[in-house]
Amino acid sequence: MWLGKCPSCQAVQPQLLCGSPRKVGKWPSSLWFCTSRRSSKGADVAYHVTKDAQLSAPTKQLFPVSPFPEDFSILTTVKAKKGGQSFLISIYNEQGIQQVGVELGRSPVFLYEDHMEKPGPENYPLFRGINLSDGKWHRVAFSVHKKNVTLILDCKKKVTKFLDRSDHPIIDVNGIIVFGTRILDEEVFEGILVDGGEAGELQSLGRVKMGTLNTHTCSVVV
């Protein structure tokens with residue numbers, strides 16, 4: 001999974017999963033669809049995550065000197081447990097309030113709440129008609145640009161929703177990033193997540209406009 005504003009996107013799951021509990025294991029590349037890419041040597045690594053895994057890290061670990069970018073993208077290749085409904089990633093501020101989150105399942109939700117508490121929960125972007133917990137592999141990109149968030153699914157489907165945030169939103173980096181759930185939430189992500197994509201590819205993604213993001217998302221994870 002990648003998070004940030006390219007070309008300085010950060011790989012999230014290696015920092016969360018390295019030294020993680022036994023409930024996270026590397027998945028043999030022969031068991032999933034992307035065993036090799038033109039831009040890398042050998043196969044990517046996939047992680048099998050069970051419901052007992054507890055994964056978190058300080059947000060400062062990803063953004064040690066820079067603020068959280070106003071415009072950013074979350075990119076991943078994932079196979080969620082069929083029928084599940086859980087957050088893949090949650091970012092909390094220093095007071096323990098969730099600021100950013102991606103909920104997988106039927107009708108995925110993009111949670112975002114800036115320093116002015118905008119937008120409110122009733123206005124979180126909801127992507128109806130999309131199912132990310134059907135037990136299949138999906139290439140997923142959420143891209144935030146100004147007051148819009150765009151979901152690009154499998155390099156084909158592209159849906160843009162209004163994001164009613166402040167003109168100059170601030171996301172606190174003094175809290176933590178939680179993978180696979182929310183604090184005190186009973187629903188937990190179960191599935192397989194790919195550690196794929198190289199720095200050069202992410203840099204190329206950062207140089208394209210939103211209108212062509214879908215094709216470069218494919219080049220990142222294929």
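Contact here means that heavy atoms lie within 4.5 Å, and Gly84 touches Leu104, Gly105 and Ser133 once residues up to four places away in sequence are not counted. The model is predicted, so that local features need pLDDT of at least 70 and side-chain atom pairs count only at pLDDT 80 or more, while totals for chains, interfaces and linings use all residues. Residues are numbered from 1 along each chain as its sequence is written, and side-chain values use heavy atoms, with hydrogens and water left out.

- Gly84 sits in the loop that joins strand E6 (72-80) to strand E7 (86-92), where strands (E, at least two residues) are DSSP runs numbered from the N terminus.
- With a relative accessible area of 25%, Gly84 is partly exposed, a class that falls between buried (under 20% relative accessible area) and exposed (over 50%), computed with a 1.4 Å probe on protein chains only.
- Although Gly84 and Gly105 are 21 residues apart along the chain, a distance of 5.8 Å separates their C-alpha atoms.

**Backbone geometry in other loops**

- The peptide bond that runs from Lys118 to Pro119 is cis, with omega near -10°, and Pro119 belongs to the loop between strand E9 (109-112) and strand E10 (138-145).
- Ser107 is not a glycine, yet has a positive phi of about 55°; the loop that holds Ser107 lies between strand E8 (98-104) and E9.
- Asp154, which is likewise not a glycine, has a positive phi of about 55° and is placed in the loop between strand E11 (148-153) and strand E12 (157-162).
- Asp154 counts as partly exposed because its relative accessibility is 23%.

How values were computed
Helices (H or I, at least four residues) and strands (E, at least two) are DSSP runs, numbered from the N terminus.
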